[in-house]
Amino acid sequence: RCEPVSSKALVVEDLNADLPATFSSQELKSTYGVVVRTQSGQLDGDIALKLRVANGTHTAVAHVMALSSLLMTDALAKDKTNEKAAILMSYLDSYFVDQILVAASDQFGKQETELVYEDWRRRLCHPNFGLSTFFITQNGAAKGGIRIGPTIRDLIQGNKTVTVTTAFAIAAILRFLTPAKPVSNPNNNVYLGWLDGHDRQSVAS
């Protein structure tokens with residue numbers, strides 16, 4: 001099992017041109033994902049986009065998948081044939097286009113932001129790429145703040161709309177973290193969250 005090489009598998013900052021010229025060759029970039037950054041701030045942009053785009057969408061979808069009893073993200077590789085996978089990828093596409101791209105374009109560039117998602121989406125939907133959703137959801141609250149928080153901040157500060165996809169992503173994290181009932185021996189070893197057992201219509205009203 002091996003996922004496709006990322007277009008930014010190794011990003012190196014070389015502000016003083018200390019590296020041999022071969023490090024900046026097109027062959028190293030296309031074959032091995034080696035990218036050399038020669039201007040100050042470029043590496044910071046790479047890191048920020050990785051957190052917002054790749055990590056942000058990963059966190060957003062992993063919590064939803066875990067709550068839906070989908071244990072591995074390689075289920076997304078079936079987005080062309082499986083309804084659940086198709087819905088999840090449609091959700092991520094919407095979250096990226098309507099929120100991440102809108103929030104990040106002014107600062108990092110529209111084209112660069114789109115290229116990061118295109119590369120990440122290709123990897124995410126590859127059959128040999130997959131991680132445990134429960135591994136990804138560890139420290140979900142902190143990850144949500146680091147990976148999704150900057151997008152929300154920039155949307156609000158830019159007077160741009162925070163859509164239902166962002167609200168749903170945060171709601172999924174909160175639902176995943178809902179405290180279990182304070183009992184030492186839950187029935188069938190299944191812990192119930194605070195919302196479990198409530199009549200949905202009465203809650204909604």
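1. Basis of the note. This is a predicted model, in which local features need pLDDT of at least 70, side-chain atom pairs count only at pLDDT 80 or more, and totals for chains, interfaces and linings use all residues. Residues are numbered from 1 along each chain as its sequence is written, and side-chain values use heavy atoms, with hydrogens and water left out.

2. Overall make-up. The protein has 8 helices and 2 strands, arranged along the sequence as β-α-β-α-α-α-α-α-α-α. Helices (H or I, at least four residues) and strands (E, at least two) are DSSP runs, numbered from the N terminus. Of the 205 residues in the protein, 37% are buried; buried means under 20% relative accessible area, exposed over 50%, and partly exposed in between (1.4 Å probe, protein chains only). The exposed surface comes to about 12,100 Å², and carbon and sulfur atoms supply 56% of it. These areas come from the Shrake-Rupley method with a 1.4 Å probe, and for residues only the protein chains shown count as cover. Among contacts with a separation of 6 or more, 73% are made by residues 24 or more positions apart, where contact means heavy atoms within 4.5 Å.

3. Asn55. With a relative accessibility of 11%, Asn55 counts as buried. When neighbours within four places in sequence are left aside, Asn55 is in contact with Lys50 and Arg147.

4. Helices α3 and α6. The axes of α3 and helix α6 (residues 140-157) come within 9 Å and cross at roughly 70°; the two helices are therefore roughly perpendicular to each other. Axes are lines fitted to C-alpha atoms, for helices over the stretch in contact, and angles run from 0 to 180 degrees between N-to-C directions. Angles under 35 degrees count as roughly parallel, over 145 as roughly antiparallel, 65 to 115 as roughly perpendicular and the rest as oblique. On the α3 side the contact is formed by Tyr95, Gln99, Ile100, Val102, Ala103 and Gln107, which meet Ile148, Thr151, Asp154 and Leu155 in α6. By class, this contact of α3 with α6 has 6 nonpolar, 3 polar and 1 charged residues. Here Ala, Val, Leu, Ile, Met, Phe, Trp, Tyr, Cys and Pro count as nonpolar, Asp, Glu, Lys and Arg as charged, and the others, Gly among them, as polar.

5. Thr151. This residue of helix α6 has a relative accessibility of 0% and so counts as buried. Not counting residues up to four places away in sequence, Thr151 touches Arg52, Gln99, Ile100 and Ala103. Thr151 and Val53 are 98 residues apart in sequence, yet their C-alpha atoms are 9.5 Å apart in space.

6. Helices α6 and α7. The axes of α6 and α7 come within 11 Å and cross at roughly 170°, and the pair is therefore roughly antiparallel. Gly140, Ala141, Gly144, Ile148 and Ile152 in α6 meet Thr166, Ala169, Ile170 and Ile173 in α7. The residues of this contact divide into 6 nonpolar, 3 polar and no charged.

7. Aromatic pairs. The structure holds 4 aromatic pairs. Rings of Phe, Tyr and Trp (its six-membered ring) pair if their centres lie within 6.5 Å; planes under 30 degrees apart count as stacked, over 60 as edge-to-face and the rest as tilted. One of the pairs is Tyr91 with Phe168, whose ring centres are 5.3 Å apart with planes at 90°, so the pair is edge-to-face. This pair links distant parts of the chain, with Tyr91 in helix α3 (residues 83-108) and Phe168 in helix α7 (residues 164-176), 77 residues apart. Tyr91 is buried at 10% relative accessibility, whereas Phe168, at 41%, is partly exposed. The rings of Trp120 and Phe129 have centres 5.6 Å apart and planes at 85°, so this pair is also edge-to-face. Trp120 is buried with a relative accessible area of 6%, and Phe129 is buried with 7%.

8. Positive phi values. Most residues other than glycine have a negative phi. Ser69, in the loop between α2 (42-67) and α3, has a positive phi near 65° and counts as exposed at 59% relative accessibility. Asn159, in the loop between α6 and α7, has a positive phi of about 55° although it is not a glycine. At 75% relative accessibility, Asn159 counts as exposed.
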